[in-house]
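Subject: Structure handover

Hello,

Here is the structure I promised to pass on. Please open it alongside this note.

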Amino acid sequence: METLEIQNFSVRRGNFTLGPLSFSVRKNEIFAILGYTGSGKTILLESICGLFPGDTGAVLYDGVEVSQIPVGQRGLGIVSQDHCLFPHMRVEDNISYGLRCHHVPKQQRERRVDALLELLNITHIRRQYPATLSGGERQRTALARALALEPELLVLDEPFSALDPATRSRLQQELLSIHRKFPCTIVFVTHDFNEAELLADRVGILLDGELLAVTKGSELMKEHYCKKIETFLGR
């Protein structure tokens, strides 16, 4: 079953045109959008979130155009590159923000926050403010906040790019562990071939606004794609 479908979708931003693109993402799949800086990855991700309409085509959630679904009913969790944590809120309050907005009862809200703090190994920072956190701690907090409402679709924009190699590796493994415990569809953007190969069930390779190929993550570095990957890396 496809959770997300991109149908002949295109959008123009200034002098840059994305698409037209057509591909689908299956239910509970981890799908990577792989491309170098300027290839259109973030524009595509923003379009998937319904932040602005396309010029042609459609973005469908379970067969319904995303713009026709109220924002609070899209079942969407987002982690942006800069995390967008509320600086005046403690970690636990950042995580519970969406739950409060959806009027989740206090006891249920507290149980959910406690479980996420434990899952992401950040219980010890629950009362700290974002300015006091390391990059890895901010990333874990942002991920916990995105998971709090149990999204059907989790969208991650270059989630590990700003982290040191050791922290990046730990969080990549934690993401796989979280996905096994709390299955949801994940779409993430990356410029890192190794990360796409490690995490993704399938990978869409984006080049100058065009979808070069969609392949299994396990086959990304195989000979069939070498010429396409060389073209990609040569830009």
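Below is what turned up, starting with the sheet and moving on to the helices and some local details. Please keep in mind that this is a predicted model.

Six strands form it, in the order 6-7-8-3-9-10. The pairing is mixed. Strand 6 (76–79) and strand 10 (210–216) stand at the edges. Each of these two has a single partner strand, so one side of each has no neighbour in the sheet. From one strand to the next, the twist averages 15 degrees.

Both senses of pairing can be seen here. Strand 7 (residues 153–157) and strand 8 (residues 185–190) run parallel, joined by five bridges. Strand 9 and strand 10 are antiparallel, with six bridges between them. There, Leu206 has Leu211 in strand 10 as its bridge partner.

The turn between strand 9 and strand 10 is worth a look. This hairpin has two residues between the strands, and Asp208 takes a positive phi near 50 degrees.

**Another hairpin**

Strand 4 (residues 56–61) and strand 5 (residues 64–65) also pair in the antiparallel sense, over two bridges. Leu60 stands opposite Glu65 in strand 5. Two residues lie between the strands of this hairpin. Asp62 has a positive phi near 50 degrees there.

**The helices**

Two packed helices are described by the angle between their axes and the distance between the axes.

*Helix 2 with helix 4.* Helix 2 (residues 91–101) packs on helix 4 (residues 135–147) at an angle of about 25 degrees, and the axes are 7 Å apart. That angle makes helix 2 roughly parallel to helix 4. The crossing is right-handed. From helix 2, the residues in contact are Val91, Asn94 and Ile95. They meet Thr141, Ala144 and Arg145 in helix 4. By class, this contact of helix 2 with helix 4 has three nonpolar, two polar and one charged residues.

*Helix 4 with helix 5.* Helix 4 also packs against helix 5 (residues 165–181), at an angle of about 15 degrees with the axes 11 Å apart. Helix 4 is therefore roughly parallel to helix 5. This crossing of helix 4 and helix 5 is right-handed. Helix 4 brings Gly136, Gln139, Arg140, Leu143 and Leu147 to the contact. Helix 5 brings Thr167, Arg170, Leu171, Glu174, Leu175 and Ile178. The residues of the contact of helix 4 with helix 5 split into five nonpolar, three polar and three charged.

*Helix 2 with helix 3.* The axes of helix 2 and helix 3 (residues 106–119) come within 10 Å and cross at roughly 130 degrees. That makes helix 2 oblique to helix 3. The crossing of helix 2 and helix 3 is right-handed. On the helix 2 side, look for Val91, Glu92, Ile95, Ser96, Leu99 and Arg100. On the helix 3 side, look for Arg109, Arg112, Val113, Leu116 and Leu117. In the contact of helix 2 with helix 3, six residues are nonpolar, one is polar and four are charged.

**Where helix meets sheet**

Which strands does helix 4 lie across? They are strand 6 and strand 7, and helix 4 runs at about 170 degrees to strand 6.

**A salt bridge to look at**

How many salt bridges does the structure hold? There are ten. One of them joins the side chains of Glu29 and Arg202, at 2.5 Å, N to O. This pair links distant parts of the chain, 173 residues apart. Glu29 sits in the loop between strand 2 (16–26) and strand 3 (30–34), and Arg202 is in strand 9 (residues 202–207).

**Backbone details**

Two more places deserve a look. Gly19 and Pro20 are joined by a cis peptide bond, with omega about 10 degrees. Pro20 is in strand 2. Asn28 has a positive phi of about 65 degrees, although Asn28 is not a glycine.

Best wishes

Technical notes: Residues are numbered from 1 along each chain as its sequence is written. This is a predicted model: local features need pLDDT of at least 70, side-chain atom pairs count only at pLDDT 80 or more; totals for chains, interfaces and linings use all residues. Side-chain values use heavy atoms; hydrogens and water are left out. Axes are lines fitted to C-alpha atoms, for helices over the stretch in contact, and angles run from 0 to 180 degrees between N-to-C directions. Helices (H or I, at least four residues) and strands (E, at least two) are DSSP runs, numbered from the N terminus. Angles under 35 degrees count as roughly parallel, over 145 as roughly antiparallel, 65 to 115 as roughly perpendicular and the rest as oblique. A crossing is left-handed if the near helix is turned anticlockwise from the far one by less than a right angle, and right-handed if clockwise. Contact means heavy atoms within 4.5 Å. Ala, Val, Leu, Ile, Met, Phe, Trp, Tyr, Cys and Pro count as nonpolar, Asp, Glu, Lys and Arg as charged, and the others, Gly among them, as polar. Two strands pair if DSSP finds at least two bridges between them. A salt bridge is a side-chain nitrogen of Lys or Arg within 4 Å of a carboxyl oxygen of Asp or Glu.
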